[in-house]
Amino acid sequence: MCGIVGYIGYREAYPIIIKGLHRLEYRGYDSAGIALYDKDLKVYKKAGKVSDLENFVKDIEMHGSIGMGHTRWATHGAPSDRNSHPHSSGNRKLTIIHNGIIENYGPIKETLIAKGHIFKSDTDTEVLIHLVEHIQNETGLDLREAVRVALTKVIGAYAIVIMSADEPDLLIAARKGSPMVIGVGEGEYFIASDATPIVEYTKNVIYLNDNEVAYIRRGDLLIKNIDNTVVQTPYIQELDLKLEMLEKGGYDHFMLKEIYEQPRSIRDCMRGRIYPQQGKVQLGGIKEYTEKLKNIDRIIIVACGTSWHAGLVGEYLIEEYARVPVEVEYASEFRYRNPIITEKDLVIAISQSGETADTMAAIELAKEKGATIFGICNVVGASIPRTTHAGVYTHAGPEIGVASTKAFTAQVTVLTLMAFYIAQQRGRITQSKLVEHLTELNTIPELVERALKSNDHIKEIAAKFKDSTNCLFLGRGSSFPVALEGALKLKEISYIHAEGYPAAEMKHGPIALIDDEMPVVFIATKDSSYEKVISNIQEVKARKGHVIAIVTEGDTQVKGMADYVIEIPQTDEAFVPLLATIPLQLLAYHIAVMRGCNVDQPRNLAKSVTVE
Ligand code: G6P
């Protein structure tokens, strides 16, 4: 949430910053702003999208080879011009962009007001830059020191960049709890919330760690810890990211591109990890913990949003195959209970971005209590994979659409692999069964490809239901989390109220909602709960609901009952979630497009939630 980009070097900064803001817009898009140094410190900001900011400055000569930009997801203060970043100090000599929340901004603001500071916005961020100014005035410290001292006084999370009119060849960047990457070029540096704005200029990056402050000049980078000790030879990593991964590649939306990428992303996720003929799963990232896996008592999965849904699918798979008890927790709830965790627990944190604040906090808590922590993340080098003891990357490639699609199926794929891996280590599955399952799993990318072929048919169904106000999604077993995910996709991007429910629970509440206006989407594939789901479909039909059923290819029974069916290929019951999710993603996508919604940037949402 909130995207940050900065540049210092020899090129014009404006085009780099604007392009970077477009790349980061998935992180927040309710206002945007930019600061450039061109003989003086200049700040331009505007409520709305990055394109509104571009429009706003289109007649202004934007020059300068040092600058920074921000795209906002509002926390403190409604989206408006005055709450947009950058925020400036009272003397207008300093300006800041910030991602995160300064939790103790209230008392600091009161103290500063008492000292005569006047604030122009409702944000916590403005308080921080006034605090820096105040420290400079009171103590005479230079800017570097004043920023460092100010940061020791704030509680909360931040990634910040500061520019000063008095030191026009200096960018100061710092992080605690919010991501920040520095791109290292020849005589130039780039700063960003993630590597996407940097990759076209350099592949060499430094991931700033918590409590580090970077002082960046054109040919010179100094990183210090907040306690003022110097970070010796910061670790420069090479990015494994290609520019085309960040473009729409001919699709109308990133979401559609990402839906269509799933045969590839699932394949990439399995690559080098399964050996069907040998009945072997190999997960290098957690290999060191193989012995530990033999002795764990319980697995706790922590995650948020779509990742939590993947966790629920994982629960079915791990309990079914590895026979280890699994609990799936919302990270945001887990951290505020007093959960019972022991050294014999394995905690698996799932996160596409690897930056979600609640998931990070849940990890810290479980770590304190002695549990072993694995991560399942998509973004390589993000905070979560750097905090966990071990983990498995999903390798789905950058996911730009705010509604998660390919990351979900990749997470489910990794959980499937983990379930078999743990089962194999604990002797819970026979070699012949593993050969059978892995052989089938290996075909899933082609089956996903086949499921995608229903796109036109799904579009026709979408046209029938695009004006609905409510929608129910029902499934049983591991199709229940798929129903939850289908409902989440629809509500996120089309703003239709949608609920996912276990099909059998419908009669305890949601059935009251069913009338001749209500579409009900069933996952009714031929698996162990098929007959039961058929009864649930009849209950809906008896109340005149409209049934859209996801069925196994060739099904005739449900076809006779449902108003619309969407076929997916026959597969092993364990892998149905990987296929059944596809039509639900497409249904949500088409409905949202037909309703004229901004599919890639749905209102109020952000891709990566780095605040509580
Ligand atoms: C946000 C995103 C969701 C995502 C959730 C968890 O709400 O909009 O798509 O599922 O965060 O994010 P994570 O990066 O931890 O998977």
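1. The accessible surface of the protein chain amounts to about 23,100 Å², and carbon and sulfur atoms contribute 48% of it; these areas come from the Shrake-Rupley method with a 1.4 Å probe, and for residues only the protein chains shown count as cover. This is a predicted model, in which local features need pLDDT of at least 70 and side-chain atom pairs count only at pLDDT 80 or more, while totals for chains, interfaces and linings use all residues. Residues are numbered from 1 along each chain as its sequence is written, and side-chain values use heavy atoms, with hydrogens and water left out.

2. The protein chain holds 19 helices and 26 strands, where helices (H or I, at least four residues) and strands (E, at least two) are DSSP runs numbered from the N terminus. Its radius of gyration is 25 Å, close to the 25 Å that the globule rule gives for 612 residues, so the chain is as compact as a globular protein of that length; the radius is taken over C-alpha atoms, and the rule is 2.2 Å times the number of residues to the power 0.38. The C-alpha trace spans about 80 × 55 × 45 Å along its principal axes.

3. Of the 612 residues, 61% count as buried, a term that means under 20% relative accessible area, with exposed meaning over 50% and partly exposed in between (1.4 Å probe, protein chains only). Among contacts in the protein chain with a separation of 6 or more, 72% join residues 24 or more positions apart, contact meaning heavy atoms within 4.5 Å.

4. S193 sits in the loop between β10 (189-192) and β11 (204-207), and it counts as buried because its relative accessibility is 3%. Its side chain reaches the backbone nitrogen of I4 at 2.7 Å. This is a polar contact, that is, a pair of N or O atoms within 3.5 Å; within protein, one must be able to donate a hydrogen and the other to accept it, and residues adjacent in sequence count only if both atoms are side-chain atoms. Leaving aside neighbours within four places in sequence, S193 is also in contact with residues including C2, G3, L24 and R27.

5. Which residues does R175 touch, not counting those up to four places away in sequence? They are Y158, A159, M180, L208, N209, D210, N211, E212, S383 and R386. R175 belongs to strand β8 and is buried at 4% relative accessibility, and a polar atom of its side chain lies 3.3 Å from the backbone oxygen of S178.

6. Helix α5 (residues 143-153) is mostly covered, with eight of its 11 residues buried. The buried residues are L143, E145, A146, V147, R148, V149, A150 and L151, and they pack against β6 (94-102), α4 (124-139), β7 (156-164), β8 (171-176), β12 (212-217) and β13 (220-225).

7. I363, in helix α11 (residues 357-368), is buried with a relative accessible area of 0%. Leaving aside neighbours within four places in sequence, I363 is in contact with A349, I373, I384, T387 and T388.

8. G33, in strand β2 (residues 31-37), is likewise buried, with a relative accessible area of 0%. Its contacts, apart from neighbours within four places in sequence, include L21, Y44, M68, H85 and P86. The peptide bond from H85 to P86 is cis, with omega near 0°, and P86 lies in the loop between β4 (66-72) and β5 (87-88).

9. Two backbone angles deserve a look when you inspect the model. Most residues other than glycine have a negative phi, and most peptide bonds are trans. K39, in the loop between β2 and β3 (41-47), has a positive phi near 70° and is exposed, with a relative accessible area of 76%. T233, in the loop between β13 and β14 (237-238), has a positive phi of about 35° although it is not a glycine, and T233 is exposed at a relative accessible area of 73%.
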